[in-house]
Amino acid sequence: MPLAYTLPSNLSPATVANTSSLLRIVALALISGAAIASRLFAVVNFESIIHEFDPWFNYRATRVLAEKGFYAFWNWFDHTAWYPLGRVVGGTIYPGLMATSGVIYNVLHALNLPVDIRNICVLLAPGFSALTAWSTYMFTKEMKDESAGLLAAAFIGIAPGYISRSVAGSYDNEAIAIFLLMFTFYCWIKALKTGSVLFGTLTALFYFYMVAAWGGYAFITNMIPLHALTLILMGRFSSRLYTAYSSWYAIGTLASMQVPFVGFQPVRTSEHMAALGVFGLLQIVAFAELVRAHVSSRHFQSILFGSVIGIGVLGVFAFAGLTYKGWIAPWTGRFYSLWDTGYAKKYIPIIASVSEHQPTAWPSFFMDLQFLIFLFPAGVILCFRELRDEHVFVIIYAVVASYFAGVMVRLMLTLTPVVCVAAAVAFSSLLDTYIDPVEPDVLAPSTQATEAEVPAGDSPANAPSGSATTSKKAKKAAAADASSSGLASGVLAAMSPSGKSAKPRGIFGLDTRIVVIANALGMLLFFVLHCTYVTSSAYSSPSVVLASQNPDGSQHIIDDFREAYYWLRQNTPQDAVVMSWWDYGYQIAGMADRPTLVDNNTWNNTHIATVGKAMSSPEEVAYPILRKHDVDYVLIIFGGLIGYSGDDINKFLWMVRIAQGVWPEEIQEPNYFTAKGEYRVDDQAAPAMKNSLMYKMSYYRFAELYGGNSAVDRVRGQQVPKTGPTLDYLDEAFTSENWIVRIYQVKKEDLLGRDLKTANSFDQGKKRKKSKPLARRKAVV
Amino acid sequence: MRFLRKLLLPVLALASLALARSSTGDSVLILLDPSLKKENFSVFFGDLENKGYQLTFRSPKDATPEIIKDDVAQFAHVVVFAPNTKTFAADVTPQALVSLLSKNTNLLLALSPKQTPLTSLASEFSLILPPPGTPLISHFPKRDTPATVIPVDAPAAYDIISPNLPPVWFSGVPQALGNNPMLVPLLKAPTHAFASDGDSDSGADALVEAAEKSGEGLWAGSSLSLVTGFQALTNARATWVGGVEMFSDEFFNKEISKGVKSGNRQFASDVAAWTFQENHVLRIDTVEHHRVNETLPSETYTINDRVTYTAYISKYDSELDVWEPYSGIKDLQLEFTMLDPHIRTSLPPVAGEPGKYSVTFRVPDRHGVFKFVIDYKRKGWTYLTSSTVVPVVPPRHDEYPRFLSAAWPYYAGAFSTSAAFVLFVALWLAGDDREPKKSKGAKSE
Amino acid sequence: MLLLPLLALLSLPFCLAASISAEDAHQKLVKLAAANNGLIKLDDSSYNLLTHPKRTWSSSIHFTALDPRRRCAPCKEFDPSFTAVAKSWSQVPASERDTHFFATADFDNAMGTFQKLGMQTAPVLHVHLPAEGSRRPASGRTAPIVYDFSNGFDAGPLAEQLSQYTPVPIPYKAPIDWSKYGTAAGVTLIFLSTVRLFLPILRSRWAWAIGIVLTSLVMTSGFMFVRIRGMPNSGANGQWIAPGYQNQFGQEVQVVSFVYGLLASGFLMLTLVTPYQTNPYRQRLQVYLWSGVIFVMFSVLISLFRVKNRSYPFKLLL
C-alpha cells in the first residue's frame, strides 16, 4: 500500500491511544491557558478594575452578597437606587453571576486564601472562558471527533466575538452564560444520543443555572424545542428524544420557576410557550407510537396520524386564544423587537437608544470571527452530509443565531460558539483528508484503519461518537473498486451520504498535502495574530478609564470619571442625592456610593422621563423637580473640551425624546432644532436648547477657558457663544481635569423667601426695580 | 406660670427685664449714626445692658470692630440706628447684612424718610417703602405735637408686644407689606394716618389724587406697618423700625395724656426681646421613631408596620436662661412623604409628659424611601423643621405566610400524584412477567 | 423678490378676519368642513378663521406642498394618511365633530401663512388647542403643538397621537389590505395544490442545505443592517463601499457574501470532491487551483476589510 510519507509502524494501538489522549489533555490545558491569558490585556494595559456600566452593579451586588450572606442579598432592597422609589434588587436580577463569585469567595476563604472580592469579580470571566473552551470541546466531539473538538476549543478560546464580552473586568452575566449555554447544549446532545434520563436531568440542571444567570436563557428555551420539533417533522421521533426532552422540560421548567425574577413566566409568557407546546406534542406522538406499536391496522394508524396533526393544530389555536384572552402574556418588547425590527425605535426608545442593540454591519462580523466566518457555511454543509440528530441541532442553531446576530450587535455572542463548532468541523475534516498518508490504491483496507486514524487523533474507545470512525471504515471498504471519474461524479459522490460512496477516496502525492496543510496552518497563524491584535486594541479598554496617545506615541490615561466619582465620595454627605442621566447611575452607585435617581436598570420609564424633563427644561422649571426629588448634586458628562464624543449633549436628544413620551405638551423635540432642522450648540442654537439645563451646565464658563479666543466644542465642531450661559439655581461644585465630568450643586431656597434669580441678582449688587404696594381695595365684582 | 407673668408684666417689667437673656448670645453691636447722640437713647441701651447684653458702639463710617471676620459673625445681634447715613463702611453692605442673617445673627434696623442703602435693602425683605421724603402723617387725635409725631395704639401683636400698653409715639416712614409669609407686622399704622411729603393737608389730597390716577399704591391706613419683624429661614430675626425716634428717651418719657407715660419703653424692650430671640423661641430637641412595642429605631421599616413617631420640643425661657419642655403647640402636624405626603396626621402633645409629641400610624402599603417631616411655621414663632429619612421595604422572603389555605388543592395534588406514582411503581414491580398483557395495560395508562 | 409685495397683499385679509366674532367663524368652519368631507382646504383668510384668538374649538392644520413643482416627496407620502384620518373624524357625531377641525394648507394657496409662520419645510402638522371654553388647556397654551414625525407618516400613529387633543378619540381604522391577504391565500393554495411536485425538493436535504447556507451567508454579510437602516444599494458618485467601520451599502452584502461563498466552496471542494478524483494529475491540478483560489480570495477579503477599517495592520497579497 502506497503512503505519502511513512509512519512509525512499530507502535501498539494502546500506545497510540494513550499518547493521543495525553496530547489532548495537554492541548486543552494550553488552550485554557491561552484563553485566560488573552483576556488579561485589560489588566495589563490599565489595571484590575471593573469595566463599563452594568458590571459595576453586579460588583456592588456581589459585595453585598459576600458581606451580608445570601439571604440578605436575596431580600436586598436598595434604597439608594431610583431615589426615592428604591429598587427591590433580589426580585429583579438574575442572581447566578453574584452567587457564583460568592461561592468562589467563600470557598477560597474557607481555604484560608484571603482573596479580595474585586479580584474574583475581575477574573471570573477569563476563568469561565477556559471552561467554555472545554465545553465547546465536548460539544464538538459529539459532532465529529476529538480533533475537531480541540480545534473548536482553540477557536472559541481566542475568538474576539466572545472575548469582547469576557475580558478581565467585564463582570457581566454573559461572562458565565456562554459556558452554561454550551454545556447545556452538550448535555442535551448527549441526552438525545444516549436517551439517558441522567443526562436529561443534567441538561435541566444547567438550564436552571443558565436561567439564574442570564436573561438570554430564552434562547435555550426555544432552541431545544425547535430541535425536537424538527426531528419529529423529519420523522426521527425516538424514545431517546422522548426521554431526553421530557426529563429536561419537566425538571428544567420547575427549577427555572424557582428564580424569583422568572417566577411564573415559564407558564405565562409566549417566549416559553414553544417549549410547552412541543412537550405536549411529544406526549401525543409518543402515545401514537405506542398505540401504533400495538395495533396493526394501517387504516387505524392513518386515522391516528390525522388525529395527532389535528390535536397539534388545536393546541396552536388554544394558545392563540389564551394569548388573546390575556392569560398568556404576548412577546415582551425586547423579544418582539428581534422580529419586527422597527418596533423598538417606535415603542421603546430606551431600548433603541442603547448602542449594542443596533444591527450589525459585515465588518464587525469579520472583526469578531475572521476566517471562521467563511469556514462556517462549509461546516454546515458537512453537517448536512452526514445528517445525524446532533447535526440537525447545529444547523438550526447556525441559521437562527446568524439571523439574530445580524439584527443585534450584542447577539454576536450567541453566534460565536456555533461558528467555532462548524468551522472546526470543516477545518478538521480538511486536515483529516490531507494529513492521512494513505494514497488511494487497490489494497486491503483492514490493516490501514488504525494508521489512518493516528494523525486524526481518533481513538476507537468512545463508541457513541465513533460514527465518524465507522464512516471512515466504510470509505476504506468502498475504496476496494477503483474507476476513473470526472468532477461531476466526484461532487455526486461527495454529496451522497457517507458510507454509501462507491468510490475510492484519497490524495495523491506529498506536495499537494504540503500545499494545503501549509495554507491551512498559515490561516490559523493569521487568525491568532488577528485575535491578539483585536483583543489588545479594541476590546480591552474599561470605558471607565480612557486612554489616548501622546504626540510621542506614549499612552496617556484620562481618568476623569474616577476623579469625579471619588470627589463625590470624599466631599459630599453620605446621603446626598446625585442626579445624572441613567447611563452613569451604576457607576455613581458603585464608585461614589451615593444615591441616584435613575440607573442602567431602566425599569421605570416615568422616572427616567422626569430626569429627562429636568435636563431639557429651563432652570426655573427644573428647580421644583430637583427640590421635589431632594437632588443635591447634578452630574453631567461633557466632552467638548477634549472631544469625548459619548457625552450628554450627544445623548441629549434621547432625553428630550423620552421626556416627550410622557409630557408631550411641555417637551417637544422639534423645539431643540434650529429652524433649518439642525442640531446646533453655537449662537444659532434653538432657544429651547439654549435655555435647557443640560446646555447651560455643559457650557457654563466654557468660553472663559479660551480667554478672548473663540471657544470651540471639539465634539460638535462648533463655536460656542462668547458670553456663556448663567446659572441661578445651581452652583458649579466640581469639574474634572479634562472637563469630562461636571458636577453642580443645587442651591437651597433663599433665606429671605425670594426666588433665587432675584436673590442672585441682589448678591451681584444689581438694583431691583421699585415695587408698588398691593392694591388695598379690591374692585367690587 | 406664663399666664401669671402676663398679668404682672407692666408692674414687674423692669424686674423681669433685668433677668432676661437672649437664646443666641449677648454681644450686641450698635451702629449708631454720629448725628444721633448716644445719650438720647440712654434708657433703651440701659435696659439692654440691664438685661445683660454687652453693647459695642461703632459709627457706620469707621471700619472696626468689623461685623464679620473670617466669615464668622462677631456679634450675636446687630442694631443699625443709622437712618441718615448715606455711605457705610466697606463691610456694612446690604449683602453683608443679609449674610449676617444666614449666620443666625439678629438685626434691628431703623429706617427714615431719607433714601439710604437700607431703603433698598428693605425691598429685599419685601417691604415696600413710600418715595423718599414722605413720612407718616396724621392729624388725629388733636394734639400739640407736629403731625409727623403720632401716638399709635399698640395691640398685642402675636403676643410679642405685651398687652394693654398705653399708645406709643411714632415718627418716621411706614412700610407697605409684600405677600411674604415671613413678615411679622408688630405695629400697624392708625387708620387715619397716611404718608405724605410735608405736613400740610394740601399735600395729602394731592397724594390721594396722584395715587388714584397713576395707579401708584396709596400709602395710607392700617394696612401699613410701622414696625415689622422678619424671620428668615435660618430663624434669625430682623426687625424694621419706621423711625429711630421711637427708641429715644424723649419719646420714652413723652406723655400721651396727662400723667400717662407713653408705652414706648415697654414696646421697645418687647421688640428688642423678640428680635434678639429672647421669647417665641422653640426647638426640636430630638425625634424618635420605632415600631410599636419596640423601643429602638430600626433603620428600615416593612410596609404596613405600625410605627410610633415622637418629637421632643422645648421652648427657651429667657428668665432662667434654660430650655424647658413645651407642650403648648396644639396644631403640630407630621407628614410621611415620598415625593408626596402619603400620610399627614396631627402630632398631638402627650398628656402628662411635657414637651413630648407622639403619634402612631400604619406605614403605607408602598415601599420606597420615606421621610418623617415636621414643618411648623407660625408667625412670630421659630420655624420648627425636621426631616428623618427611613427606607420602607417589602417583606422578607420568610415574612410571608407559609401555608396558604387557598393552596390546599395544589398540596393535595402534589401529594396524591406522588402517592399514586409510588403505588403504580409498586404494582408494576409486583406484576407477574408471565402476563405481559397486564403490564402493557398498566404501561399504557 | 417679486413675491414680497404680493405677499403683502395676501396678508391684507388677516386684519379683516380678526374682526369676525368666534361664533360666525365657527359657523363658517363647520360649513367648510362639511363641504369637503371633514377636511378644510385652507387659504390665508380661512387660516385666520381657524386660529381665531377666541376659538372654542381645536384644530389640526397640515401644511404641505403637493404641487409637483415643489418636488416634496414626503408631502405626497403624508397627505393620504392625513386625509384618511380627517375622513374618519367626520364619522363622529356632530356635537363632538364640530369642536375639532382638520385642515390642509397647501403652499400654493396659503403662501402668506407660510411666510407668516416662517415655515421652511413641509409637511408640518400643527395642533391648535382651544383658547376659550371648557377644553381650554390648563397651561393656557395658545401656541400650536407641532406634531412629531418621529414615528413615520403612517395614519395609525397619527390618529393615535391626535386623539390626545380631540374631545373623543379619532375612530380611525386602518383599511384592510385585501391584496395582501389575497396574495397570501393564493400562494398557500398554489403551494398546497402543487405540494406533490415540491415534495421531493422538501424531502431532499441538499435543497435545505443550499437554502440555509445562503441564508446564513447573507445574514453574516450584514443584510439585516442594510434592511433595518434602509441603506441604499450603492452610495452617491457610484462608490459601492460605504466609508466607516459601522456602515455599509447594499452592494457590499452581495460582494461579501459572494466572497464568503467562494471561500467556503473552495474548502468544500478540497475536502469533499478532490479526494474522489482518481486521476492523480487532475487531482493535483484541482488541489493547486482551489488552494490558489482560497489564498487569493482571502487576501481580497482582507483588503476589503482594510478599506473599512483603516487601522487594520495586517495584509496578504494585496
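Residues 575-626 of chain A are 54% helix and 6% strand, and the end C-alpha atoms of this span lie 15 Å apart. Helices (H or I, at least four residues) and strands (E, at least two) are DSSP runs, numbered from the N terminus. An unreviewed UniProt entry lists residues 575-626 of chain A as "domain: STT3/PglB/AglB core"; UniProt positions are given in the numbering used here, feature names are shortened, and such annotations may be inferred rather than shown by experiment.

The model is predicted: local features need pLDDT of at least 70 and side-chain atom pairs count only at pLDDT 80 or more, while totals for chains, interfaces and linings use all residues. Residues are numbered from 1 along each chain as its sequence is written, chains are lettered from A and ligands numbered from 1 in the order in which they are written, and side-chain values use heavy atoms, with hydrogens and water left out.

The pLDDT, the predictor's confidence in each residue from 0 to 100, averages 84 in chain A, where 86% of the residues score at least 70. It falls below 50 over residues 442-486 of chain A, a stretch with 63 contacts in the model beyond near neighbours in sequence; a contact means heavy atoms within 4.5 Å. Residues 776-781 of chain A also have a pLDDT below 50, with four contacts beyond near neighbours in sequence. Where pLDDT is low, the predicted coordinates should not be read in detail.

In chain A, domain 1 covers 212-331 and domain 2 covers 559-748, with bounds from an automatic or database domain assignment. Taken over C-alpha atoms, the centres of domain 1 and domain 2 of chain A are 51 Å apart. Chain A contains 34 helices and ten strands. Of its 781 residues, 57% are buried, that is, under 20% relative accessible area (1.4 Å probe, protein chains only). Among contacts in chain A with a separation of 6 or more, 72% involve residues 24 or more positions apart.

Chain C contains 14 helices and five strands. Its radius of gyration is 31 Å, whereas a compact globule of 318 residues would have a value near 20 Å; the radius is taken over C-alpha atoms, and the globule rule is 2.2 Å times the number of residues to the power 0.38. The C-alpha trace of chain C spans about 100 × 55 × 40 Å along its principal axes. Buried residues make up 44% of the 318 residues of chain C.

Conventions. Buried means under 20% relative accessible area, exposed over 50%, partly exposed in between (1.4 Å probe, protein chains only).
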